[in-house]
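Open the model in your viewer and keep the selection panel at hand. This tour moves from one selection to the next.

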Amino acid sequence: MSLMAMFSLVISSTLVYSAPLIFTSIGGTFSERGGVVNVGLEGIMGMGAFASVVFNLTFASTFGAATPWLGLIAGAVVGLLFSLLHAVATVTLRADHIISGTVINLMAPALGVFLIKVLYGKGQTVPISQDFGYTSIPGLSHIPVLGQLFFAKTSGPAWLAIFVAVLSWYIIFKTKFGLRLRSVGENPQAADTLGLNVARLRYSGVMISGLLGGIGGAVVAQSISLNYSASTIVGQGFMAMAAMIFGRWNPIGALGASLFFGLSQSLAVVGAQLPGLKNVPSIWLQIAPYLLTIIVLVFFFGKTRAPKADGVNYIKAA
Amino acid sequence: MTAQKNSFSVALFSVLFGLIIGAVIMLVFGYNPISGYVALLGSAFGSMQDIGSVLTQMTPLILTALGFTVAQTAGFFNIGLSGQALAGWVGAVWYALSFPDMPAYLMIPSALILGTGLGALASAIPGWLRAQFGASEVIVTIMMNYILLFLGNNILQNTMAKGIKDSAETTKQVGANASLQMKWLTDLTQGSSISAGIFIALLMIVVVWFIMTKTTLGFEIRAVGLNADAAKYAGMSAKRNAVVAMAISGGLAGLAGTIEGLGNYLNFFTQNGSPAIGFDGMAVALLGGGSYLGVLAAAAIFSVLKIGGLGMPMSSGVPFELVDIVTASIIFFVGASYLIQLIQKRVQAMDEKAAQTAAAKKAAKVGSATDKNQKGGE
């Protein structure tokens, strides 16, 4: 295997595995910047995956190759609706954020599989016919060397995710909305005194996390698992949560952490094809991503600081 | 006292509302909710064997829920209960199979201690990393879940001696010297896989309650959880307590895994994902509302739903997943207890209003009768 082919294999599979984590961890960042802890990312991803697969199976013949991209929208909408449950519970009904997030995680696979059984009569769907596969980005893929490595035969959703990461960074740190969102996450009382609508801002934070988490789930379903079952989303949401914390509640940080997780996951998958990693026992490749995360977290990052009012309900004085 | 009474009524209403939501979903999708719930109760209480299964299901949940509660009391979110349980399970089964000739009175206590210790070790690591380096225990426990899952499967597939395995994916059954199953219990429950584990779990409720509320150690853990700075100022070591609280939490999870291995399954087999008892235990702890008796009641409700749900598809056609939706809804209402309190307040206000208007009417009646004698006033 030539060096070029090797790099290209590792990069493209890294992007495939990173994409869902990037979307979802940035979603979590929006929610937590607004002060609502979102342990429910896993469940939201599950609903996104469910919706995209049902959409894909139903409309593949109508929309052809555009189906997976429209499936992302289906996942986003359902993810957003599902996250409203978390928003209502935490913002309006003053529920503990961890409890509500756990409910989301318990509810999603149960509801998804229940509906799949009602719709298709069995616990998992057939494989979808239109998946993301590999795309070449027009123009960029013709750049010598770099184009071939990064933009030819690559994961389309991953590049969308990278674009979303940059956009989210801009929104959170450079716009009025972002400043307001961060202020209700740090000190809701002060924000309220200045006339901001704390509840509305927190709702929007959670809903954005639902939207992006739903997209994340839809990406997993339509580029990795290619069907929906109870085991489509197992742990990716928690990995995304870790990426969010790792990235210090900053979209660019979350992007970096997600790419790191994606790289180590892809090494576990394609490692066997790579000279040099061939002889490493597979167990080491399997646990490497998780072990590395712990080591990096402990030695290079140390204390992580969440937004100050993260997870604290704001009860307005009557 | 009133707070306790309140949380009890919240739990009661939550269960009720959760079941109602389940019934509505069954109606919407064209199933008969009455026959659905009858099937559920039938397969949870239909025979002694069913009751045995409910108790078997309860056992690890009580322990993992206790574990979650202890960590939460100290201010930690131990999401790694599944991995810690797995550590205990693999370790205890491997140990039991490696010494088939050890007498039971040595084997059983040492296996229990080993499994508990492995779980405690698996969670003391994140506790220590948090205390020493400030690394988020949430991330570390999530990562350790995966590490322990892959290690457990790898030990089974590549490290364990061929002689103690049935196939590449399953170990042999542990011998009578290590089994926690008791003949009279098995006979009583018509061959369910209930074991002495249930008594251990019940005992641990008392032990954990005692440690957490009656000892200095428990006091310190609670103090650190309430306000780490204040506890430090009072001369308590936040670091030591972090490690100890996490170790107790993981030890209980490890014990749960050990009992799954030596009591319920009697072997270890390749796991496709982290054992469900970890996350289910979290749910039980949340439903129990942090109280030790609450954990017992919540584990019972949870297990009745789980075991009962298994019988629903057969006799009423309702997919098994319905019970998970019901469980999630119940916990939703527990979390959103403000809603239930609001409803209770509303109802109370309505009662009072009704009582007032009734009283006013009565007064008006009496008033009109004695009108002549009144000379105004309030």
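A helix here is a DSSP run of H or I with at least four residues, and a strand is a run of E with at least two. Keep in mind that the model is predicted.

**Stop 1: residues 98-120 of chain A.** Select this span. How much of residues 98-120 is helix, and how much is strand? The span is 100% helix and 0% strand. Its end C-alpha atoms are 33 Å apart.

**Stop 2: residues 69-92 of chain A.** Move to this span next. Residues 69-92 are also 100% helix, with 0% strand. Here the end C-alpha atoms lie 34 Å apart.

**Stop 3**

**Stop 4: where chain A touches chain B.** Show both chains. How many residues does each chain give to the contact? Chain A gives 35 residues, and chain B gives 35 residues. Now select α4 (97-120), α10 (236-246) and α12 (282-301) of chain A; each supplies at least two residues of the side that touches chain B. Which helix has the largest share of that side? That is α4(A), with 13 residues. Colour the chain A side by class: 25 residues are nonpolar, 6 polar and 4 charged.

**Stop 5: chain B as a whole.** Chain B has 15 helices and 2 strands. Along the principal axes, its C-alpha atoms fill a box of roughly 100 × 60 × 35 Å. Of the 378 residues in chain B, 51% count as buried. Among contacts in chain B with a separation of 6 or more, 79% join residues 24 or more positions apart.

**Stop 6: a helix pair in chain B.** Select α2 (residues 33-45) and α13 (residues 292-316) of chain B. Their axes are 7 Å apart, and they pack at an angle of about 120°. Angles of 65 to 115 degrees count as roughly perpendicular and those over 145 as roughly antiparallel, so α2(B) and α13(B) are oblique to each other. Their crossing is right-handed.

Show the side chains at this contact. From α2(B), pick S35(B), G36(B), A39(B), L40(B), L41(B), G42(B), S43(B) and A44(B). From α13(B), pick V304(B), I307(B), G308(B), G309(B), L310(B), G311(B), M312(B), S315(B) and S316(B). By class, the residues of this contact are 8 nonpolar, 9 polar and no charged.

Methods:
Residues are numbered from 1 along each chain as its sequence is written. Chains are lettered from A and ligands numbered from 1 in the order in which they are written. This is a predicted model: local features need pLDDT of at least 70, side-chain atom pairs count only at pLDDT 80 or more; totals for chains, interfaces and linings use all residues. Axes are lines fitted to C-alpha atoms, for helices over the stretch in contact, and angles run from 0 to 180 degrees between N-to-C directions. Angles under 35 degrees count as roughly parallel, over 145 as roughly antiparallel, 65 to 115 as roughly perpendicular and the rest as oblique. A crossing is left-handed if the near helix is turned anticlockwise from the far one by less than a right angle, and right-handed if clockwise. Two residues are in contact if their C-beta atoms, placed from the backbone, lie within 7 Å. Ala, Val, Leu, Ile, Met, Phe, Trp, Tyr, Cys and Pro count as nonpolar, Asp, Glu, Lys and Arg as charged, and the others, Gly among them, as polar. A residue is buried if 20 or more other C-beta atoms lie within 10 Å of its own, exposed if 12 or fewer, and partly exposed in between; C-beta atoms are placed from the backbone.
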